[in-house]
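I opened a new notebook page for a structure I had not seen before. My plan was to start with the overall picture and then go through the parts.

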Amino acid sequence: MRTPEEIEEKLVNRRWPWSDLERLTGAGGREVIAQTVKHDIYRIMDHKEPWYALGMLEMWAWLQGDDEWAAYLADEATYPMYGAPRLRDACRRLGIEWPADQDMTNMADGKECSEWCERGCIKWVHPKELQTALDRIADLEAQLKEV
Ligand SMILES: [Zn+2]
């Protein structure tokens, strides 16, 4: 378990809400994290980004002393397919069942749910990658003007 000083530092540096940390450190912490993950699995099925679980999981991982997992969860650079790969990884670690359907398997593998997805898989781009793509388009347009 982390010391009060370590917790204080994290609350300030990562801007973690104290109320969430308190819920995770209590006796029902494991159930809280399980319910949060299950809720966000449904969001991913709906092609919505998990709004809560990844942050809670980072806190959970850190509280368990798993700095490597916490750092992986905090890294927003590897965040494809609505966070499905990260959430399935969390399910495996926590012993929570991941939906057995093919769409969810594909998304957790970092791919579109299906070849003809019209719900947003193909259009989905991480905000950081979107800026890179826009910069690339601007470069290409500039090159075209020079021709
Ligand atoms: Zn899809």
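**Entry 1: the whole chain**

I noted at the start that this is a predicted model. I looked up the secondary structure and found 8 helices and 0 strands. Read along the sequence, the pattern is α-α-α-α-α-α-α-α.

Next I checked the dimensions. The C-alpha trace spans about 65 × 35 × 20 Å along its principal axes. How does the radius of gyration stand against that of a compact globule of 147 residues? Such a globule would come near 15 Å, but this protein has 18 Å.

Of the 147 residues, 22% count as buried.

**Entry 2: H2 against H4**

I turned to helix packing. Helix H2 covers residues 18-25 and helix H4 covers residues 53-63. Their axes come within 10 Å and cross at roughly 55°. With that angle, H2 is oblique to H4. The crossing is right-handed.

Which residues make the contact? On H2 I listed Asp20, Leu21, Leu24 and Thr25. On H4 I listed Met56, Met59, Trp60 and Leu63. By class, the residues of this contact divide into 6 nonpolar, 1 polar and 1 charged.

**Entry 3: H4 and its cover**

I stayed with H4 and asked how many of its residues are buried. The count is 9 of 11, so H4 is mostly covered. The buried residues are Ala53, Leu54, Met56, Leu57, Glu58, Met59, Trp60, Ala61 and Trp62. I noted that Met56, Met59 and Trp60 are in this buried set and also in the contact with H2.

What covers the buried residues of H4? The cover includes helix H1 (4-13), H2, H3, helix H5 (67-74) and H6.

Just after H4 I came to Gly65, which takes a positive phi of about 85°.

**Entry 4: H3 against H6**

Helix H3 covers residues 29-45 and helix H6 covers residues 84-94. They pack at an angle of about 145°, with their axes 11 Å apart. H3 passes H6 in a left-handed crossing.

From H3 the contact takes Ile33, Ala34, Val37, Asp40, Ile41 and Ile44. From H6 it takes Ala84, Leu87, Ala90, Cys91 and Leu94. The classes come to 10 nonpolar, no polar and 1 charged.

An α-helix has 3.6 residues a turn, so residues three or four places apart point the same way.

I then checked burial in H6. Its buried residues are Ala84, Arg86, Leu87, Arg88 and Ala90. They pack against H3, H4, H5 and helix H7 (102-108). H6 is followed by Gly95, whose phi is positive, near 75°.

**Entry 5: positive phi outside glycine**

Arg15 has a phi near 55°. Arg15 sits in the loop between H1 and H2. Is Arg15 buried or exposed? Arg15 counts as exposed, because it has 8 C-beta neighbours inside 10 Å.

Tyr82 also has a positive phi, of about 55°. Tyr82 lies in the loop between H5 and H6. I found 22 other C-beta atoms within 10 Å of Tyr82, so Tyr82 is buried. The cut-off for buried is 20 or more.

I picked Asp66 in the loop between H4 and H5. Asp66 is partly exposed, with 14 other C-beta atoms within 10 Å. How far is Asp66 from Pro50, C-alpha to C-alpha? The two are separated by 21 Å and lie 16 residues apart along the chain.

My last stop was Glu115, in the loop between H7 and helix H8 (127-146). Glu115 has 9 C-beta neighbours inside 10 Å, so Glu115 counts as exposed. Glu115 and Asp103 are 12 residues apart in sequence. In space their C-alpha atoms are 9.8 Å apart.

Definitions and conventions. Residues numbered from 1 in each chain as written. Predicted model: local features only at pLDDT ≥ 70, side-chain atom pairs only at ≥ 80, totals over all residues. Axes fitted to C-alpha atoms, helices over the stretch in contact; angles between N-to-C directions. Helix = DSSP H or I, 4+ residues; strand = E, 2+ residues; numbered from the N terminus. Left-handed = near helix turned anticlockwise from the far one by under 90°. Contact = placed C-beta atoms within 7 Å. Nonpolar A, V, L, I, M, F, W, Y, C, P; charged D, E, K, R; others polar. Rg over C-alpha atoms; globule rule 2.2 N^0.38 Å. Buried ≥ 20, exposed ≤ 12 C-beta atoms within 10 Å, placed from the backbone. Parallel < 35°, antiparallel > 145°, perpendicular 65-115°, else oblique.
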